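Trainee: I have the model open and would like to go through it. Can we take it bit by bit?

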Amino acid sequence: MREYTYRVDREGRVFHDGTEVVDPATLRFFLLALQRTPDGRWLALCQGERNWFEAADTPFVIQRLGLSISHGRLDAAEVRLAGDYREPLDPATLEHDGTHLCCRVRKGAFRASFGRIALQQIAPWILEEGGIPTLELGGRRYPLSGARATSRP
């Protein structure tokens, strides 16, 4: 069985042997195929090949957000990862550790970190309420949990 190793940087870019992988279909496939092995490594199987992924934190990185805004209010948000993989933001899963913002993706199965651009996009709707960072979305407020942010994805 052939094996390949990929590296995912903090902005969600995927590299193989120093070259960035840019094909959207390939990137989406990898994001949907990625699984955590019992030893904690990231693996995507494809036609008899093992594709290993190394990341500082998690290979799931939100690169951008699709925001629905009306009258200066954030009504909805969609997370966009590598290969333009998209899904709705689940604001109840937002976590932070004081430096990084994360949420759950793939039906809550995995933790995804926010890249720099996605953080800039969501920052205007994060306010501090009673000393706790809180996202205002769809007329509701979602406190950002800090309890789970330091656990392994």
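Trainee: Is W42 buried or exposed?
Mentor: W42 is buried, at 4% relative accessibility, with the cut-off for buried set at under 20%. Bear in mind that this is a predicted model.

Trainee: Which ring does W42 pair with, and what is the geometry?
Mentor: W42 pairs with F60. The ring centres are 5.6 Å apart and the planes stand at 75 degrees, so the pair is edge-to-face. That angle is over the 60 degrees needed for the label.

Trainee: Where do the two residues sit in the chain?
Mentor: W42 is in strand β5, and F60 is in the loop between β6 (49-55) and β7 (61-62). They are 18 residues apart, and the pair links distant parts of the chain.

Trainee: And F60, buried or exposed?
Mentor: Buried, since F60 has 1% relative accessibility.

Trainee: What else does F60 touch?
Mentor: Leaving aside residues up to four places away in sequence, F60 has contacts that include L31, L34, L81, V105 and F110. R106 and R111 are also among them.

Trainee: Which residues touch the most other members of the largest nonpolar core?
Mentor: F60 is one of them, along with F53, I62, L89, F114 and L135. That core has 37 residues. Helix α1 (residues 24-33) gives the most to this core, with four residues.

Trainee: New topic, sheets. What is the strand order in the one with β9?
Mentor: The order is β8-β9-β10, an open sheet of three strands with antiparallel pairing. β8 (64-70) and β10 (86-88) are at the edges with a single partner strand each, so one side of each has no neighbour in the sheet. From one strand to the next, the twist averages 30 degrees.

Trainee: How many bridges hold those strands together?
Mentor: There are seven between β8 and β9, and three between β9 (residues 73-80) and β10. For landmarks, L67 is opposite A77 in β9, and V79 is opposite E87 in β10.

Trainee: What is going on with phi in the β8 and β9 hairpin?
Mentor: H71 has a positive phi, near 55 degrees. The hairpin has two residues between the strands.

Trainee: Next, T37. Where is it, and what does its side chain contact?
Mentor: T37 is in the loop between β4 (35-36) and β5 (42-46). Its side chain makes a polar contact with the side chain of D39, at 2.3 Å. T37 also touches L43 and W52.

Trainee: Last one, G146. Buried, partly exposed or exposed?
Mentor: Partly exposed, because its relative accessibility is 40%. G146 is in the segment after β16 (140-143). G146 and L101 are 45 residues apart in sequence, with their C-alpha atoms 9.4 Å apart in space.

Definitions and conventions:
Residues are numbered from 1 along each chain as its sequence is written. This is a predicted model: local features need pLDDT of at least 70, side-chain atom pairs count only at pLDDT 80 or more; totals for chains, interfaces and linings use all residues. Side-chain values use heavy atoms; hydrogens and water are left out. Two strands pair if DSSP finds at least two bridges between them. Axes are lines fitted to C-alpha atoms, for helices over the stretch in contact, and angles run from 0 to 180 degrees between N-to-C directions. Buried means under 20% relative accessible area, exposed over 50%, partly exposed in between (1.4 Å probe, protein chains only). A polar contact is a pair of N or O atoms within 3.5 Å; within protein, one must be able to donate a hydrogen and the other to accept it, and residues adjacent in sequence count only if both atoms are side-chain atoms. Contact means heavy atoms within 4.5 Å. A nonpolar core is a set of buried Ala, Val, Leu, Ile, Met, Phe, Trp, Tyr and Cys residues joined through side-chain atoms within 4.5 Å. Rings of Phe, Tyr and Trp (its six-membered ring) pair if their centres lie within 6.5 Å; planes under 30 degrees apart count as stacked, over 60 as edge-to-face and the rest as tilted.
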